[in-house]
Amino acid sequence: MAEIQDLLAALTSGDDARAEDAIPAIVELGGDAIPALLDLTRADDVDSRWWAVRALAALPHTQTEDLIPLLSDSPQEVRAAAALALCNHPHENAIEALIKSLADEDSLTAGLAANALVEIGSPSVPGLLEVMAKAPTGIRILSLRALSEIRDHRAIPMMMKCLGEESAVLQYWAQEGLDRLGLNMVYVKP
């Protein structure tokens, strides 16, 4: 117990190098460190919460369900850290929260949420296609990028539709997605 308290003190010391050096020792503790880190995610200090999420991301025993609520934390840096942590702990349970995070006001968090959806893979496709049908262009770009990287054939009709969009970025990701699916052809509008 004293060991985890010493490591948490290093993690929350305000010294980034000391905090980063504590991560491997926390990882060695395995699942025993998780309750203390989850408590730390509820600290008043934003920096402490960020480091708790950073440590949870490194632990192989971290449950996706423990990271999902952190996508709604008020500071953008904690939300971004949670989205990045979900890239390391992808699971279908996070899809709905990650889809919602595509609309995050912080572009880093939104982009990392898209990356986490790519890590989840094909189970993310229905939610991403739904977003493509009704979201603003910025969110659609992130969604189409994720669909392109997932390489699921269910996205082909949406990619074909996006080839005719006014947004050059949507056109780019549509073409990229089709190329990645092996459908690299020249498409012409009749």
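The following legends describe close-up views of a predicted model.

The model is predicted, with local features requiring pLDDT of at least 70 and side-chain atom pairs counting only at pLDDT 80 or more, while totals for chains, interfaces and linings use all residues. Residues are numbered from 1 along each chain as its sequence is written, and side-chain values use heavy atoms, with hydrogens and water left out.

**View 1. The buried side of helix α1.** Helix α1 spans residues 2-11; helices (H or I, at least four residues) and strands (E, at least two) are DSSP runs, numbered from the N terminus. Ile4, Leu7, Leu8, Ala10 and Leu11 of this helix are buried. These residues lie on the same side of α1, because they cover an arc of only 155 degrees around the axis. The arc is that of the directions from the helix axis to the C-beta atoms. Buried denotes under 20% relative accessible area, exposed over 50%, and partly exposed the range in between (1.4 Å probe, protein chains only). An α-helix has 3.6 residues a turn, so residues three or four places apart point the same way. The exposed residues Ala2 and Asp6 are carried on the face of α1 turned away from its buried side. The buried residues of α1 pack against α2 (16-29), α3 (34-40) and α4 (46-58), where contact means heavy atoms within 4.5 Å.

**View 2. Leu37 in the largest nonpolar core.** A nonpolar core is a set of buried Ala, Val, Leu, Ile, Met, Phe, Trp, Tyr and Cys residues joined through side-chain atoms within 4.5 Å. The largest such core has 70 residues, of which Leu11, Ile26, Leu37, Leu98, Leu102, Leu144 and Leu147 touch the most other members. Residues up to four places away in sequence aside, Leu37 touches Leu8, Leu11, Ile26, Ala52, Ala55, Leu56 and Leu59.

**View 3. Surroundings of His89.** His89 is found in the loop between α6 (76-88) and α7 (95-101). Its relative accessible area is 9%, so His89 is buried. A polar atom of the His89 side chain lies 3.1 Å from the backbone oxygen of Leu59, and a polar atom of that side chain lies 3.5 Å from the backbone oxygen of Thr62. A polar contact is a pair of N or O atoms within 3.5 Å; within protein, one must be able to donate a hydrogen and the other to accept it, and residues adjacent in sequence count only if both atoms are side-chain atoms. Apart from neighbours within four places in sequence, His89 is in contact with Leu56, Ala57, Leu59, Pro60, Thr62, Thr64 and Leu67.

View 4. Asp73 is placed in the loop between α5 (64-67) and α6, and is buried, with a relative accessible area of 13%. The side chains of Asp73 and Arg49 make a polar contact (2.8 Å). Not counting residues up to four places away in sequence, Asp73 touches Thr41, Arg49, Val78 and Arg79. Leu56 is 17 residues from Asp73 along the chain, and their C-alpha atoms are separated by 15 Å. Asp152 lies in the loop between α10 (137-150) and α11 (156-162) and counts as buried at 10% relative accessibility. A polar contact (3.0 Å) joins the side chain of Asp152 to that of Ser122. Leaving aside neighbours within four places in sequence, Asp152 is in contact with Ser122, Val125, Leu147 and Leu181.

**View 5. Aromatic pairs.** The whole structure contains 2 aromatic pairs. The ring centres of Trp50 and Trp51 are 4.8 Å apart and their planes are at 85 degrees, so this pair is edge-to-face. Trp50 is partly exposed at 28% relative accessibility, whereas Trp51 is buried at 5%. The rings of Tyr172 and Trp173 are also edge-to-face, because their centres are 5.0 Å apart and their planes are at 80 degrees. Tyr172 is partly exposed, with a relative accessible area of 46%, whereas Trp173 is buried at 14%. Rings of Phe, Tyr and Trp (its six-membered ring) pair if their centres lie within 6.5 Å; planes under 30 degrees apart count as stacked, over 60 as edge-to-face and the rest as tilted.

**View 6. Cysteines Cys87 and Cys162.** Cys87 is buried, with a relative accessible area of 15%, and Cys162 is buried at 0% relative accessibility. The structure has 0 disulfides, a disulfide being a pair of cysteine sulfur atoms within 2.5 Å.
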